Amino acid sequence: MTSPDGFGLERVVVVGASGFGRECLDVLEAMAAAGSPVEVVGVVDDGPSELNMERLAARGVAYLGTVDEWLAGDAVTRRYVLGIGSPAVRRRLAARLEGTGARPFTAIHPSATFGARVAKGEGAVVCAGVAVSTNVRLGRHVHLNPNVTVGHDAVLSDFVSVNPGAVISGEVVLGTAALVGASATLLQNLWIGKGALIGAGAVVTRNVPAGVVVKGVPGTWD
Ligand SMILES: CC(C)(COP(=O)(O)OP(=O)(O)OC[C@H]1O[C@@H](n2cnc3c(N)ncnc32)[C@H](O)[C@@H]1OP(=O)(O)O)[C@@H](O)C(=O)NCCC(=O)NCCS
């Protein structure tokens, strides 16, 4: 099978054996089942738990060793997604992989919907049921968990994570490595600073400074 860009089958490695890593496997497998020229090669992880090793084995996915072992041993597969929920950890890993020849793969579940003129950064992962409106920019390694909605003209900077069911309203700008908790709602036209943590279920009604933790309805921080 040949992909539209002519490079053929994409053989993709997931970095991370924990929960989100295995959810990335679901996205890649759904893409393959829908006819995308994608194949899961396996999972790399510097310290997988015994339980996660069992979970990989139970679904027939190979463990390929640590990141260094993968890079040293695999001359063919140099495409990866970062299957790690923490924006900070993801950022460190992306920096570690830069210059190794490994290239991020952008994984989009076939059930996700997109309006016109949406830019998807390298390594972005978009899970099932996500709805992205028009003129949105998703940065590198942005994660959108299941059933997230992203409003028109929103900008999600590199390494942003949006947990399940959260609502990002129109024209919101999320700074690098910000995290939005499950079912949180961000009202329209807001700026969320770099590395801010928006708690699960919070309703954000004001601009948020970098690095703070926001909780409650309406969302407040120390
Ligand atoms: C807001 C958050 C970042 C705070 O983390 P934390 O600083 O480690 O907070 P703690 O667990 O130590 O709790 C501190 C206090 O905040 C409260 N709290 C924690 N999360 C809260 C939330 N989302 N909304 C309201 N209050 C919250 C706790 O009850 C506790 O209150 P107390 O001091 O009166 O006992 C975190 O709880 C959160 O919501 N993360 C997102 C989780 C998520 O999306 N999960 C889905 C993953 S797929």
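This is a predicted model: local features need pLDDT of at least 70, side-chain atom pairs count only at pLDDT 80 or more; totals for chains, interfaces and linings use all residues.
**Backbone points worth a look**

Asn135 has a phi near 55°, a positive value in a residue other than glycine. Most residues other than glycine have a negative phi, and most peptide bonds are trans.

With a relative accessible area of 46%, Asn189 is partly exposed.

A further backbone feature is found at Val217 and Pro218, which are joined by a cis peptide bond with omega about -5°. Pro218 belongs to the segment that follows strand S22 (213-214).

**Around the ligand**

Which residues surround the ligand? They are Asn163, Pro164, Gly181, Ala182, Leu197, Gly199, Ala200, Val213 and Lys215. By type, this shell divides into 5 nonpolar, 3 polar and 1 charged.

| Residue | Protein atom | Distance to a ligand oxygen atom |
|---|---|---|
| Asn163 | N or O atom in the side chain | 2.8 Å |
| Ala182 | backbone N or O atom | 2.7 Å |
| Lys215 | polar side-chain atom | 2.8 Å |

How much of the ligand's accessible area does the protein cover? On its own the ligand has 910 Å² of accessible area, and the protein covers 35% of that.

**The annotated glycine**

For a "binding site", UniProt lists Gly85, and the entry is unreviewed. Where is Gly85? The loop between strand S3 (79-82) and helix H4 (87-97) holds Gly85. Leaving aside neighbours within four places in sequence, Gly85 is in contact with Phe20, Arg90, Ser161 and Leu179. Gly85 has a relative accessible area of 37% and is therefore partly exposed, given that buried means under 20% and exposed over 50%.

Key. Residues are numbered from 1 along each chain as its sequence is written. Side-chain values use heavy atoms; hydrogens and water are left out. UniProt positions are given in the numbering used here, feature names are shortened, and annotations may be inferred rather than shown by experiment. Helices (H or I, at least four residues) and strands (E, at least two) are DSSP runs, numbered from the N terminus. Buried means under 20% relative accessible area, exposed over 50%, partly exposed in between (1.4 Å probe, protein chains only). Contact means heavy atoms within 4.5 Å. A residue is near a molecule or strand if one of its heavy atoms lies within 4 Å of it. A polar contact is a pair of N or O atoms within 3.5 Å; within protein, one must be able to donate a hydrogen and the other to accept it, and residues adjacent in sequence count only if both atoms are side-chain atoms. Accessible areas come from the Shrake-Rupley method with a 1.4 Å probe; for residues, only the protein chains shown count as cover. Ala, Val, Leu, Ile, Met, Phe, Trp, Tyr, Cys and Pro count as nonpolar, Asp, Glu, Lys and Arg as charged, and the others, Gly among them, as polar.
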